[in-house]
Amino acid sequence: MKALVLLGCPEAPSQTPIGLYASYKLGQMGYDVTVSSNPAAGKILDISDPEGVYVKKRVDIEKCLDEIEEGDYDLLVGCVHKDAAATFFITYYHILKCKALALVFSRDAEEVAEFADMVESSTDADIIAVRAFHNPNPIKVRFDKYLKTLEEE
Amino acid sequence: MSFCLETYLQQNDDYKILIQRSGVKQCYKLIEDNAKEIIHVNPGDKVLGARLIGLPPIPVGINEEEGTILITYTKPCHGTAAIEIPISQEEIQNVRDMDIGA
């Protein structure tokens, strides 16, 4: 089983820990995990995880977008905290056509609702939508619950 | 045709930026307001060899007389831009053929 974790702009502090955590947890579940990010988010991951304990494979978000095809991954997990992140997630979803989870978060409740609506109206992806910015815990709690459901499937 | 939009934008000055660092929906509106003809594609479809990023259905504008197309261009940190770039007459027909009829 292969999973792709999609990161957006690294400006949201919660994104990096959630990216590392998602990669770790999915790896524990037996997924071969690849993290797709822009260069800035990638550098943060490289410095946070210098020996690649949590992130085993990393690719550039635009290069990856150009090369992926339907069937390449079984699960897509994306951080959606900006308008651009929503469009990238939706585009990856439409190419891969696999099971997908959008982790929608922002410090602003209206943005959470707006981005969740963008994902919901354009995909059949599962959505976790929560207010979070500095503290990644609200996302982690919901993500753990989702993974439990995924394991039971 | 292999086409890297980013390289094109860096190496040429014959394109027009209608709006940049914006939201995707605002960019779609500008394309719809500024193009004489609109077709639609799905996210990930390749226009001029570049995958378009966005919400379905993605509008692509065609101004045949000016020999240009209007597309969106999204970067993770900088949001979405709407740009108008030159296109050959034969490529215009290829773009028209991509219309999903939305």
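**Pocket, cavity and interface**

Author: In this predicted model, the second largest pocket has a lining to which α4, β5 (99-106) and α5 of chain A and β1 (16-22) of chain B each supply at least two residues. Helices (H or I, at least four residues) and strands (E, at least two) are DSSP runs, numbered from the N terminus. Residues are numbered from 1 along each chain as its sequence is written, and chains are lettered from A and ligands numbered from 1 in the order in which they are written. Local features need pLDDT of at least 70, side-chain atom pairs count only at pLDDT 80 or more, totals for chains, interfaces and linings use all residues, and side-chain values use heavy atoms, with hydrogens and water left out.

Reader: Which element gives the largest share of the lining of the second largest pocket?

Author: On a 1 Å grid over the protein atoms alone, a pocket is an open set of points with protein on both sides within 12 Å along at least five of seven lines, while a cavity is a set where a 1.4 Å probe fits but cannot get out; lining residues have an atom within 4 Å of a point. The second largest pocket has 20 lining residues, and A:His81, A:Lys82, A:Asp83, A:Glu111 and A:Phe115 lie nearest its centre. The largest share of this lining, 3 residues, comes from α5(A).

Reader: How much space lies in the largest cavity?

Author: The whole structure has 1 cavity of 30 Å³ or more. Its lining consists of A:Leu6, A:Leu7, A:Gly8, A:Ile61, A:Cys79, A:Ala84, A:Ala85, A:Phe88 and B:Pro76, and α4(A) gives the most, with 3 residues. Grid points are joined across faces, edges and corners, and a volume is the space filled by probe spheres set on the points. For the largest cavity that space is about 40 Å³.

Reader: What area do chain A and chain B bury between them?

Author: Taking contact as heavy atoms within 4.5 Å, 21 residues of chain A are in contact with 20 residues of chain B. Buried area is the accessible area (1.4 Å probe) that two parts lose on being put together, summed over both. On carbon and sulfur atoms lies 61% of the total, which is about 1,600 Å².

Reader: Which element gives the most to the side of chain A that touches chain B?

Author: Across the interface of chain A and chain B, 6 residue pairs are in polar contact, both residues being at pLDDT 80 or more. A polar contact is a pair of N or O atoms within 3.5 Å; within protein, one must be able to donate a hydrogen and the other to accept it, and residues adjacent in sequence count only if both atoms are side-chain atoms. On the side of chain A that touches chain B, two or more residues come from each of α3 (61-67), α4 (83-96) and α5 (109-122) of chain A. The most, 8 residues, comes from α4(A).
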